[in-house]
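Reader: Hey, could you walk me through this one? I'd like to go over some contacts between side chains, then whatever else comes up.

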Amino acid sequence: MEPVKRMKMESSMVGFQYCFNQEGQLRHRETQEAFVFNYHRGEYKRNHQRYQALGQVITEHVYRLLEGECHLQRFYIPLDAKENEPKSLFFMSPGALDNPKGLVVLIQDQGVIRAGQWSRKLIVHSGLEQGSQIPFIKKALGDSCGVIVMNPNDNFLEIKVEEEYHTDLQNTSTNCPSPVDPEGKEFFQIPKRCSSTPEEHVRYIWDHFVSKCEARHVAVIAHGYGGLVFVDLLLHRRQEVQSKVYAAAFIDSLHNMWHQVLDKKTQEWIQRHCRKWVLSSRPIDRPVTFVKVDCPQVSAGTQSHESAPWICLQSVFRFFTRALKAKNKVPFSRAVIVTRSKSNQGLTRAAFGGFSPF
């Protein structure tokens with residue numbers, strides 16, 4: 001697969017003196033050294049502030065790559081948002097909802113990461129090829145599928161509070177906690193309507209986009225908390241999800257079949273259509289024992305949560321290929337074959353049916 005090649009980051013990155021090289025690795029512009037968190041020795045707050053600022057720049061850079069390199073489009077939600085209302089966003093390839101080849105939906109883990117990222121830590125230390133979702137997006141697009149990149153952690157608009165405006169904002173904002181940045185300044189979190197939680201964000205995009213798509217083959221890739229979010233969607237939109245999604249890949253998923261109570265038919269659907277890659281030192285795709293209510297499990301070929309998506313990429317798409325072939329396979333019609341018995345020279349019947357691909 002072609003490496004994720006990068007152009008230099010915009011002027012907002014100059015303050016860090018870092019850029020992505022042609023291999024997609026973050027390096028100091030002059031020394032070519034990797035990023036170091038403890039740049040200011042013994043000053044955790046200052047280093048953390050620097051890292052947070054770097055993370056924001058990486059987010060915007062990945063957004064630009066999704067648009068410029070992968071040719072995805074930004075969509076802002078909710079669709080009926082007012083002009084000055086805080087909005088969330090996600091990315092979708094042109095014509096994705098009408099693509100007859102299918103649709104691939106990506107849902108990342110929880111935390112500071114935004115659309116297009118599996119792990120900020122991996123992007124910083126290992127590069128965009130391993131830490132971003134771009135290789136997955138290119139693979140799906142190369143297979144002529146449409147793509148939707150969710151953004152489930154884009155839940156709040158954060159506003160730093162100047163002391164004189166503290167009371168006014170406190171009166172107009174919700175009862176969300178007021179975090180404190182590394183400089184000690186308080187800021188308010190204003191929830192983004194229809195995206196105030198990862199579950200709400202994914203459900204909204206499903207209702208207004210995925211559920212309306214013409215594509216008959218929808219596949220889902222969910223990492224970490226993203227797996228829990230997908231199972232939550234399955235709980236709330238059971239019939240719709242089961243009718244459209246032919247395969248779901250859980251990569252070190254946090255979903256819990258005991259706490260997320262599912263009926264028997266839904267459990268059976270998960271067993272047939274889902275697969276989970278679990279952290280393991282064993283070679284990738286080796287079967288791993290799983291409880292009956294969950295889906296089949298195989299080893300991820302790594303014990304690193306952050307590295308698991310990158311290592312599982314080819315395995316995930318092989319799983320999709322097999323699942324799609326099974327979905328499109330025309331079942332054998334029951335046929336009556338007449339044979340002559342050796343014992344009584346009479347006629348007996350033998351019927352043959354289809355088989356399960358799993």
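Reader: Let's start with arginine 193. How accessible is that residue?

Author: Arginine 193 counts as partly exposed, because its relative accessibility is 35%. Keep in mind that this is a predicted model.

Reader: And what does arginine 193 form a salt bridge with?

Author: The partner is glutamate 85, with the closest N and O atoms 2.7 Å apart. Arginine 193 sits in the loop between strand S8 (187-191) and helix H6 (198-208), while glutamate 85 is in the loop between S3 and S4, so the pair ties together parts that are 108 residues apart in sequence.

Reader: Is glutamate 85 buried or exposed?

Author: Buried, since its relative accessible area is 18% and the cut-off for buried is under 20%.

Reader: How many salt bridges does the structure hold?

Author: The count is 11 salt bridges. Aspartate 207 is partly exposed at 24% relative accessible area, and arginine 237 is partly exposed at 22%.

Reader: What about aspartate 263 and arginine 238?

Author: Their side chains meet in a salt bridge too, at 3.6 Å from N to O. Aspartate 263 is in the loop between strand S10 (245-251) and helix H9 (264-273) and arginine 238 is in helix H8, so parts that are 25 residues apart in sequence get tied together.

Reader: OK, switching to aromatics. How many aromatic pairs are there?

Author: There are 15 aromatic pairs. One of them joins phenylalanine 37 and tyrosine 44: the ring centres are 6.1 Å apart and the planes are at 55°, so the pair is tilted. Phenylalanine 37 is partly exposed at 31% relative accessibility, whereas tyrosine 44 is exposed at 56%.

Reader: And why do phenylalanine 75 and phenylalanine 90 count as stacked?

Author: Their planes are at 25°, with the centres 5.7 Å apart, and stacked means planes under 30 degrees apart. This pair links distant parts of the chain, with phenylalanine 75 in strand S3 (residues 73-77) and phenylalanine 90 in strand S4 (residues 88-92), 15 residues apart. Phenylalanine 90 is buried at 0% relative accessible area, while phenylalanine 75 is partly exposed at 24%.

Reader: Which residues do ring pairs link into a cluster?

Author: Trp118, Phe136, Tyr246, Trp277, Phe317, Phe319 and Phe320.

Reader: Now cysteines. How many disulfides?

Author: The count is 0 disulfides. Take cysteine 274: the closest cysteine sulfur, in cysteine 295, is 5.5 Å from its own, too far for a bond, because a disulfide needs the sulfur atoms within 2.5 Å. Cysteine 274 is also buried, at 2% relative accessible area.

Reader: Last topic: how much space lies in the second largest pocket?

Author: About 220 Å³. It is lined by 14 residues, and the closest to its centre are Lys101, Asp143, Cys145, Tyr246 and Leu324. Strand S5 (103-107) and helix H10 (308-328) are the elements that give two or more residues to that lining, and H10 gives the most, with 5 residues.

Reader: What's the lining like by class?

Author: The lining has 8 nonpolar, 3 polar and 3 charged residues.

How values were computed. Residues are numbered from 1 along each chain as its sequence is written. This is a predicted model: local features need pLDDT of at least 70, side-chain atom pairs count only at pLDDT 80 or more; totals for chains, interfaces and linings use all residues. Side-chain values use heavy atoms; hydrogens and water are left out. On a 1 Å grid over the protein atoms alone, a cavity is a set of points where a 1.4 Å probe fits but cannot get out, and a pocket is an open set with protein on both sides within 12 Å along at least five of seven lines; lining residues have an atom within 4 Å of a point. Grid points are joined across faces, edges and corners, and a volume is the space filled by probe spheres set on the points. Helices (H or I, at least four residues) and strands (E, at least two) are DSSP runs, numbered from the N terminus. Ala, Val, Leu, Ile, Met, Phe, Trp, Tyr, Cys and Pro count as nonpolar, Asp, Glu, Lys and Arg as charged, and the others, Gly among them, as polar. Buried means under 20% relative accessible area, exposed over 50%, partly exposed in between (1.4 Å probe, protein chains only). Rings of Phe, Tyr and Trp (its six-membered ring) pair if their centres lie within 6.5 Å; planes under 30 degrees apart count as stacked, over 60 as edge-to-face and the rest as tilted. A salt bridge is a side-chain nitrogen of Lys or Arg within 4 Å of a carboxyl oxygen of Asp or Glu.
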